[in-house]
Amino acid sequence: MAESTLQPSQAEEVFPATEGLRSRRPGLTTVLVCYWVAFILLHLVASSLSTKDGVSLWYFPAALSVALLLVYGPKVLPAVILAPLPVDLWLRPLGMGPWTILAVSGLYACAHALAALAFVKARLSIRLHRTKDVGGFLLLAFLGPLLAALPVYALLRSLGILQDLHLAREVRLLLLGDVLGVLTLGPALLLWIRPWLRLGTARLRPLTPALRPLEFLAQAAGLILTMILVVRLSEPGTLHMKYLLFLPMTWLVVRGGLRAASLGFPLLGLTLTVLILRNDLPVEAQLGIQSFLSVLFGMAMFLGSAMDAQRASLSIRVRRSRHLNQLMEVTGAIPWEMDLNSGRCAYLGTAVESHFGWPQEHWLKQPFWADVIHPEDQLAFLRFLLEISRPEGDRQLEFRLRTPDGGEHWVRVAGGLESSPGQGRVMGFLFDIHAHKHAEENALRASLREKDLLLREIHHRVKNNLQVVSSLLRLQASTQEDPAVHLALQEAQERVQAIALIHQKLKHAPDFSQLDLPGYVQTLAERLVRSYASVPALIDLRVQVASVELGPDVPVPLGLILNELVANALQHAFPPGQGGSLDIEIEPDDRGWITLRVADSGQGLPEAVDLDSGGLGFQLVRALTDQLGGTLELERRRGAAFLLSFPPSRHP
């Protein structure tokens, strides 16, 4: 099958370039132009919607200024100061002069800028995704107008514009209209317009909440209908039924979160403005509904933030649960919990029966490991329970489970201890590693077979090389006329043959650590009898070799010693034409050492000959005895007997 590659043009279609996304984001100049146009329009609307008592119900332009300062910082402060001037210079509210209008605009702009700076310095987010961000925004909405209201009142009072008005009432009028303007449009600007300004249109869509259009229309209709009922059912000149607005607003917030609530605030504000102007409510009623809406919007923002946080937490929980389920499905992990006090499984995944064959009832017994865990691994499991209670203890264990049919099943447990006052609970996962264990065992068997073949080949080649050396020595001996040289070469050949025979036996041994010692000794002795005895039939060869275990470093020295002792007996113990008995015995002693005894019934050794004064053969035997770490003794009863004792291996 041909591989398919993603071409650059196709990649741009699937993953749009980052630069392309940034190019769609409007620049600051474009934003300021849109801000001035929107500010002028909202300012004209706010001025035209003032009551006959001069009460500005909602000063919506303040929300534009606050949002702009939060997004772009103090660098846009001059634009915020200049924005109200065109409309104010044209309408001249309260008969103020140009410099007074400029001063009032500067005071409000600087107050909002200080509040926005405090919001940023407090490390709060304009995304309003946390409860403390919402609390900071509410403080900002009140702090800006409050910082400006008192200086503006003092300025207007000094100019004689507010001579006949009360301080508290006028400050309240100046404050509430500005606050409600920020609370009504501010959240919508930050949650809907701000992402477009900062991220561009291509990245705005993922931020759009999953609102159900029909449900939102029903919620909006509920808000409008409730507001109409409040105005109709309240006593004339009052809006004492305004608390009914909590019901549709709560419905909107609970279902749609803070983003849906931010769309409901302007809808409620515009509807209420129209109703207030049509019913000509007194100032106190207007101020009362403004105060109530401030509380209502604040409550809705807190509740919306909490609902968004809960939904985000649930979404994370769902994703984690989905990932955990996928992980458990892929790895075969089974969750489990166990109460350390009772030894009973408190929880176990439903897949335990399909994986291990035991129904959950067996795991829920007390203690469960008595029936489920293999008897040879129960102690290891109890040690694991002790280990996980220590900070440095092991957190994993591999053990076997008993299956209902009497077999065994390998598992791995990984877990930890969750401690609480008065109780301890083990929480973790069970992993089915039976197939993995079988794969490891098969790989180990294959590796052992490979090594076995390699060792057999090595022994075979060593034996062949020694056979070549033996053949060369035999050929060399056949060319020698001197009997002494011929005998020396023959002895060297027999020594090489003794070593070659060991490798031949090891090659055919089922286990390289176990030499067929009885067969080796029998074969070696018979070969020596045929080589050195003048009449082989007259030699009564008796071999008694116990099955003893020898280390890998013992067979070659032992074979050479046996070769020298048997050859010496055959050459010197029996005169030509005569025979006798030759006994070879190998058995373990009480110390666990190996004892080799080579005895003959011949004429014995001369008194002048001992182990220290012998020829080359005796020197070789002594050297090999030292190599084995053993001892060699000579007995002169009824011929000669050599007794060799040595440990099974030179290395403990």
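Lys 437 lies over the face of Trp 410, 4.6 Å from the ring centre; a charge sits over a ring if NZ of Lys or CZ of Arg is within 6 Å of the ring centre and within 35 degrees of the ring normal. Likewise, the charged end of Arg 591 sits over the ring of Trp 593, at 4.1 Å from its centre. This is a predicted model, in which local features need pLDDT of at least 70, side-chain atom pairs count only at pLDDT 80 or more, and totals for chains, interfaces and linings use all residues. Residues are numbered from 1 along each chain as its sequence is written, and side-chain values use heavy atoms, with hydrogens and water left out.

**Aromatic pairs**
- The count comes to eight aromatic pairs, where rings of Phe, Tyr and Trp (its six-membered ring) pair if their centres lie within 6.5 Å, and planes under 30 degrees apart count as stacked, over 60 as edge-to-face and the rest as tilted.
- Trp 336 and Phe 381 form a tilted pair, 6.4 Å centre to centre with 45° between the planes.
- Both Trp 336 and Phe 381 are buried (under 20% relative accessible area; exposed is over 50%, partly exposed in between, with a 1.4 Å probe and protein chains only).
- Ring pairs join Trp 336, Phe 381, Phe 384 and Phe 399 into a cluster.

**Nonpolar cores**
- The largest nonpolar core has 73 residues; such a core is a set of buried Ala, Val, Leu, Ile, Met, Phe, Trp, Tyr and Cys residues joined through side-chain atoms within 4.5 Å.
- Apart from it lies another core of 44 residues, including Val 548 and Phe 642.
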